[in-house]
Amino acid sequence: MLRARGLRLTAQRQLVLQAVLDLGHATPEQVHTAVREVAAGVNITTIYRTLELLERLGLVTHTHLSHGSPTYHAAGEHQHVHLVCRECGAIDEVDPELFRPLSDELAAQRGFQVDIGHVSLFGVCARCENGDRK
């Protein structure tokens, strides 16, 4: 895809994309840590620029799972809603069809199209609720 758009497939770009794929959900800092294991000279600015490029190309997408950095994951994955535990930080996923009635209602009443891939719900997971935290 990069070459088709006249861009080079650099080793750094390939490492960043592979780190996102391997990590599943990862902040730029987590991607940076993974990439530095292979290429110690890659700085965090390069990671941010590469993630932005990969997102513009439709290869990765991001969501906000906390007040900090965005979290990236592969764009080719099925869309999902993120469930984030405020206690332990666990991230779970649910099928967006669960939210289809709400999404359809917002479209009908407000003309608003929900981007399910960016939806994150915060709460407490069952383990933490039951006192079974790791």
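Q: What is the hand of the crossing of H2 and H3?
A: In this predicted model, H2 and H3 cross in a right-handed way. The term right-handed is used because the near helix is turned clockwise from the far one by less than a right angle. The two axes come within 9 Å and cross at roughly 115 degrees.

Q: How do you know which residues of H2 and H3 meet?
A: Contact means heavy atoms within 4.5 Å. Pro28, Glu29, Val31, His32 and Val35 in H2 meet Ile44, Ile47, Tyr48 and Leu51 in H3. By class, seven residues of this contact are nonpolar, one is polar and one is charged.

Q: Why is H1 called roughly perpendicular to H2?
A: Helix H1 (residues 11–23) packs on helix H2 (residues 28–36) at an angle of about 115 degrees, and their axes are 9 Å apart. Angles of 65 to 115 degrees count as roughly perpendicular, and H1 is therefore roughly perpendicular to H2. H1 passes H2 in a right-handed crossing.

Q: What makes up the contact of H1 with H2?
A: H1 brings Leu15, Val16, Ala19, Val20 and Leu23, while H2 brings Gln30, Val31, Ala34 and Val35. Eight of these residues are nonpolar, one is polar and none is charged.

Q: Why does the term roughly perpendicular apply to H1 and H3?
A: H1 packs on helix H3 (residues 44–56) at about 75 degrees, with axes 10 Å apart. The range for the term is 65 to 115 degrees, so H1 is roughly perpendicular to H3.

Q: Which residues of H1 and H3 meet?
A: From H1 come Gln12, Arg13, Val16, Leu17 and Val20, and from H3 come Thr46, Ile47, Thr50, Leu51, Leu53 and Leu54. This contact divides into seven nonpolar residues, three polar and one charged.

Q: What makes a residue part of the lining of the largest pocket?
A: A lining residue has an atom within 4 Å of a point of the pocket. The residues that line the largest pocket are Leu83, Val84, Cys85, Ala90, Ile91, Asp92, Leu121, Phe122, Gly123, Val124, Cys125 and Arg127. Strand S3 (81–85), strand S4 (91–94) and strand S5 (120–123) each give two or more residues to this lining. The space in the largest pocket is about 160 Å³.

Q: How is the lining of the largest pocket divided by class?
A: Nine lining residues are nonpolar, one is polar and two are charged. Gly counts as polar, and Asp and Arg count as charged; Gly123, Asp92 and Arg127 are among the lining residues.

Definitions and conventions: Residues are numbered from 1 along each chain as its sequence is written. This is a predicted model: local features need pLDDT of at least 70, side-chain atom pairs count only at pLDDT 80 or more; totals for chains, interfaces and linings use all residues. Side-chain values use heavy atoms; hydrogens and water are left out. On a 1 Å grid over the protein atoms alone, a cavity is a set of points where a 1.4 Å probe fits but cannot get out, and a pocket is an open set with protein on both sides within 12 Å along at least five of seven lines; lining residues have an atom within 4 Å of a point. Grid points are joined across faces, edges and corners, and a volume is the space filled by probe spheres set on the points. Helices (H or I, at least four residues) and strands (E, at least two) are DSSP runs, numbered from the N terminus. Axes are lines fitted to C-alpha atoms, for helices over the stretch in contact, and angles run from 0 to 180 degrees between N-to-C directions. Angles under 35 degrees count as roughly parallel, over 145 as roughly antiparallel, 65 to 115 as roughly perpendicular and the rest as oblique.
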